[in-house]
Amino acid sequence: MLKDSFGRSFPYIRLSITDVCNFKCGYCLPNGYQKNKSDNRKFLDINEIRRLAKGLSELGVCKIRLTGGEPTVRRDFFDIVDILKKQSGIKKTVITTNGYRLDKIAKQIAESGLDGINISIDSLDKKNFEKITGHDRLAEILKGIENLQKLNFKNIKINAVLLKGVNSSNKDFEAWANFIKTNEIDFRYIELMQTGENLEYFKKYHISSKILTNYLNENKWIIQTLGKDAGPAKNYINPLYKGKFGLIAPYSKNFCKTCNRLRITARGDLRLCLFGNTGISIRHLIQRDNQLEELKELISKQLNFKKESHYLELGNTGLTNNLSTTGG
Ligand code: SAM
Ligand code: SF4
C-alpha cells in the first residue's frame with residue numbers, strides 16, 4: 001500500500017484523461033477551454049493509461065476516478081473504461097462528469113461496468129444553471145440521471161460548487177433536499193476553492209460551508225462515518241430521505257488529515273496534492289509493459305514529498321491555475 005511520511009495511505013487516484021471541456025463554469029474555465037500553448041504534449045493514450053493503472057493496482061490502489069476537463073469528450077472514453085475494468089486489476093472505476101449528453105449515453109454508461117458516477121449540477125434552476133456553466137443543458141442532464149436510474153445504475157452522486165448569493169440560500173438547499181427525498185442519490189456541495197486564475201471570482205462568490213452545516217443541523221441531518229477509499233465528503237443522513245446530503249469543505253480544519261488520494265494529470269504528471277508545487281512526470285515509465293517495477297518505485301518514492309496540508313487557507317494555489325487540469 002502507498003504510504004506517505006504522515007502515515008496516510010493512498011488507495012484512491014484521480015486520473016485526468018483530458019484538459020478539454022465544453023462548458024464554461026465561472027469558477028473553472030470562464031472563457032471555455034483554451035489550448036495551453038506552452039505545453040504541446042498529447043494527452044495520455046489508452047496504452048499509457050493501461051500500464052499506469054496496472055502499476056497503480058500493484059501499489060494497492062483500488063479505485064480510480066476518471067476526470068478532466070470533461071472525460072466523456074474523449075472519443076475512446078468507453079474503451080478506456082473497458083481497459084481499466086478488464087485489464088488493470090483496479091477494483092472500482094468511477095467518473096466525474098458535467099453530464100452533457102448523459103441522456104444519450106446513459107445506456108452505454110450502465111453497460112460499461114463503471115462503478116459510479118459523479119455529476120456536477122450547480123443549480124436545479126434552469127436559468128441559474130445556465131448562468132453558472134454557460135450552457136442551457138440542465139434538462140438533458142436530469143433526463144440522463146432518470147435514464148441511469150431506470151437502468152438500475154447504482155452509486156450516482158451529484159456535486160455543486162457552493163456560491164454566495166447564487167445557490168446558497170435555504171431555498172436552494174430545500175430544492176436539493178426535495179430532490180433526494182425520493183432519489184437514492186448523494187448530493188454534495190463543494191466549497192469554492194481559490195485557484196491561480198479565479199481570484200476575483202473567488203473573492204466575490206466564496207462562502208464558508210458553515211451556512212450549509214447550520215441548515216443540516218437545524219433540519220436534523222445526522223453525520224456519517226467514512227470508508228477507507230471514501231472521497232473527501234462528509235455525508236449526512238436523515239431517515240425521511242432516500243439520498244444523502246454531503247459537504248466537501250477543503251478549507252476546514254483537518255481536511256488534509258484524511259487525504260487518501262493522489263492525482264495524475266492528462267499529460268502524465270503525478271500531483272501529490274490538488275494544490276501544491278510538487279509533481280513530476282511519470283510518463284516516461286509507462287511507455288513499455290516491462291517498466292512496471294521502475295514506475296512503482298518512482299511513485300512510492302515521490303510520496304515522501306507529500307506535504308501535510310495544502311495551505312490553501314494561506315492563498316497558496318501552487319501549480320493549479322484552474323481545476324480542469326487536475327480534475328477537481
Ligand atoms: N468536467 C467535469 C465536471 O465538471 O464534473 C470533471 C472535471 S471538474 C474540474 C471536477 C469538479 O471540480 C466539478 O465538480 C467542479 O464543479 C469542481 N470544481 C472546479 N473548479 C472548482 C473550484 N474552483 N472550486 C471548487 N470546485 C471546483
Ligand atoms: Fe468543465 Fe468541469 Fe471545469 Fe465546468 S468544472 S468548466 S464542466 S472542467
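A polar contact is a pair of N or O atoms within 3.5 Å; within protein, one must be able to donate a hydrogen and the other to accept it, and residues adjacent in sequence count only if both atoms are side-chain atoms. Ligand 1 shows such pairs. A backbone N or O atom of M193 lies 2.9 Å from a nitrogen atom of ligand 1. A polar backbone atom of T97 is 3.2 Å from an oxygen atom of the ligand. The side chain of E70 places an N or O atom 3.3 Å from a nitrogen atom of ligand 1. Taken alone, ligand 1 exposes 540 Å², and the protein buries 95% of that (Shrake-Rupley areas, 1.4 Å probe; for residues, only the protein chains shown count as cover).

This is a predicted model: local features need pLDDT of at least 70, side-chain atom pairs count only at pLDDT 80 or more, and totals for chains, interfaces and linings use all residues. Residues are numbered from 1 along each chain as its sequence is written, chains are lettered from A and ligands numbered from 1 in the order written, and side-chain values use heavy atoms, leaving out hydrogens and water.

Now the shell. There are 20 residues around ligand 1, and G69, T96, T97, S120 and M193 come nearest (near means a heavy atom within 4 Å). By class, seven are nonpolar, 11 polar and two charged (nonpolar: Ala, Val, Leu, Ile, Met, Phe, Trp, Tyr, Cys and Pro; charged: Asp, Glu, Lys and Arg; polar: the others, Gly among them). β3 (92-97), β5 (156-162) and β6 (186-191) each supply at least two shell residues. Helices (H or I, at least four residues) and strands (E, at least two) are DSSP runs, numbered from the N terminus.

Those strands belong to a sheet. Its 12 strands form an open, mixed sheet in the order β7-β8-β9-β6-β5-β4-β3-β2-β1-β10-β11-β12 (strands pair if DSSP finds at least two bridges between them). The edge strands, β7 (222-223) and β12 (279-281), each pair on one side only. β5 and β6 pair in the parallel sense over six bridges. K157 stands opposite D186 in β6.

N155 sits between α5 (138-150) and β5. Its phi is near 65°, a positive value in a residue other than glycine. Most residues other than glycine have a negative phi. N155 is partly exposed, at 35% relative accessible area (buried is under 20%, exposed over 50%, partly exposed in between; 1.4 Å probe, protein chains only).
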